[in-house]
Amino acid sequence: MLAPLVPAVLDWYARHARDLPWRAADRTPWGVLVSEVMLAQTPVARVLPVWRDWVTRWPRPAALAAAPADEVIRAWGRLGYPRRALWLAAAARACVAEHGGQVPDTYQALRALPGVGDYTASAVLAFAYGRRAVVLDTNVRRVLARVLHGRAAPGPSVTVGERAAADALAPQDDAAAAQWAAAVMELGALVCTARNPACGSCPVASRCEWRLAGRPAYDGPRRRPQRFAGTDRQVRGLLLAELRTSEHPVPAARLDAVWPDAAQRARALDGLVADGLADPLPDGTYALPR
C-alpha cells in the first residue's frame with residue numbers, strides 16, 4: 001500500500017506547488033535558512049514580504065553578521081517571536097566565524113548554529129542542499145498520521161515510532177527524498193489541513209486510513225491552547241513595537257501608557273531586557289540594543 005503514496009504525492013506537487021522564492025532555482029542555503037526560521041509558527045503570506053526585504057538587505061550571512069541589533073529587530077517587523085531575529089543574527093556570525101561565511105551542509109553543524117533545532121537543520125539539508133533528511137513539521141506529521149495511522153492529528157511531540165515511519169517512507173535517493181519532503185509538507189499546507197481538509201482533492205485519498213475509517217475525531221493527548229490576548233507575550237509585543245517605531249530612546253512614561261497593568265508590564269519589559277531585545281539606559285529610558 002505504501003509504495004504508490006510517494007509517486008502520487010510527487011505528481012500532485014509537480015502540478016500544484018506554490019511558487020515561493022525560497023524554492024526557486026536560484027535559491028541559496030542562506031535564503032532557505034532565513035525562510036525556515038521565519039516560517040516557524042508564522043503563515044507564508046506574512047513571511048513573504050519580510051523575507052524578500054531581509055535577503056535583499058542581507059543576502060549573505062556576513063552581511064547580517066555585521067548588522068546592528070536594532071536594525072535586525074526593526075527589519076523583523078511584526079512577524080512575532082522576535083528572538084528569532086537575534087538567533088538568525090547569531091547564526092550568521094557563527095557561519096562567518098566557523099564556516100567561511102557559508103551555511104554548513106551537515107546536520108551536526110547546522111544543529112550547532114544558534115536557534116537551529118532538528119526540524120530546521122533537516123529542512124535546510126533537504127531544501128537547500130537536496131539531501132535526504134526526515135523533515136517533520138506540523139503539516140507533514142498530520143498527513144502521515146492520517147494516511148498511515150488513521151488518526152486525525154499527531155500527538156503533541158514527535159515519537160521514535162513516528163520518526164521511524166517517516167524515515168521508512170522517504171525515498172532513499174537524495175533528490176527524490178528532498179522533493180518528497182517538500183511535497184508532503186505542501187500537501188498538508190494546502191489540502192490535508194487541520195480544519196476542513198479537502199479530501200476530494202487529495203492525491204492519496206483512496207489510500208488514506210483516516211478517510212477510510214470515516215475521519216474519526218482526534219482522541220489523543222492535546223497541546224494546551226496558546227491564547228494571546230492579555231498574555232505577557234501580547235504585552236511584550238506592544239512594548240517592543242513602541243521601541244521599534246522610535247528612532248530615539250523611549251521614556252518609561254511612554255511605555256507605561258502601552259499597558260495598564262503595571263506588574264505585568266514590568267514583567268514583560270524585564271523579559272525583553274533579559275532576551276536582549278531592549279536596553280535600559282542610565283537616564284531611565286529604553287531603546288533597542290545596538
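Let's begin with Cys95, which is buried, with a relative accessible area of 0%. Here buried means under 20% relative accessible area, exposed means over 50%, and partly exposed lies in between, using a 1.4 Å probe and protein chains only. Keep in mind that this is a predicted model, where local features need pLDDT of at least 70 and side-chain atom pairs count only at pLDDT 80 or more, while totals for chains, interfaces and linings use all residues. Residues are numbered from 1 along each chain as its sequence is written, and side-chain values use heavy atoms, with hydrogens and water left out.

**Around Cys95**

- You will find Cys95 in helix H6, residues 83-99; helices (H or I, at least four residues) are DSSP runs, numbered from the N terminus.
- Setting aside neighbours within four places in sequence, Cys95 is in contact with Pro61, Gly100, Gly101, Gln102, Val103, Pro104 and Leu113, where contact means heavy atoms within 4.5 Å.
- Between Cys95 and Ala182 there are 87 residues in sequence and 25 Å in space, C-alpha to C-alpha.

**Helix H1**

- Helix H1 has 12 residues and reaches 16 Å from its first C-alpha to its last, close to the 16 Å expected at 1.5 Å a residue; the expected span is 1.5 Å times one less than the number of residues.
- Its buried residues are Leu5, Val6, Ala8, Val9, Trp12 and Tyr13.
- Viewed down the axis of H1, these buried residues fall within an arc of 165 degrees, so they line one face of the helix; the arc is that of the directions from the helix axis to the C-beta atoms.
- On the face turned away from the buried side, H1 carries the exposed residues Ala14 and Arg15.
- The cover over the buried residues of H1 includes H9, H10 and H11.

**Helix H10**

- In helix H10 (residues 160-169), the buried residues are Glu162, Ala166 and Leu169.
- Down the axis of H10, they fall within an arc of 65 degrees, so they line one face of the helix.
- Val160 and Ala168 are exposed on the other side of H10.
- The buried residues of H10 pack against H1 (5-16), H9 (138-149) and H11 (174-190).

- A search of the whole structure finds zero disulfides, a disulfide being a pair of cysteine sulfur atoms within 2.5 Å.
- Cys199 is in no disulfide, and its nearest cysteine sulfur, that of Cys208, is 6.3 Å away.
- Cys202 is in no disulfide either, with the nearest cysteine sulfur, that of Cys192, 6.2 Å away.
- Cys199 is buried, with a relative accessible area of 18%, and Cys202 is buried, with 19%.

Terms used
Helix = DSSP H or I, 4+ residues; strand = E, 2+ residues; numbered from the N terminus.
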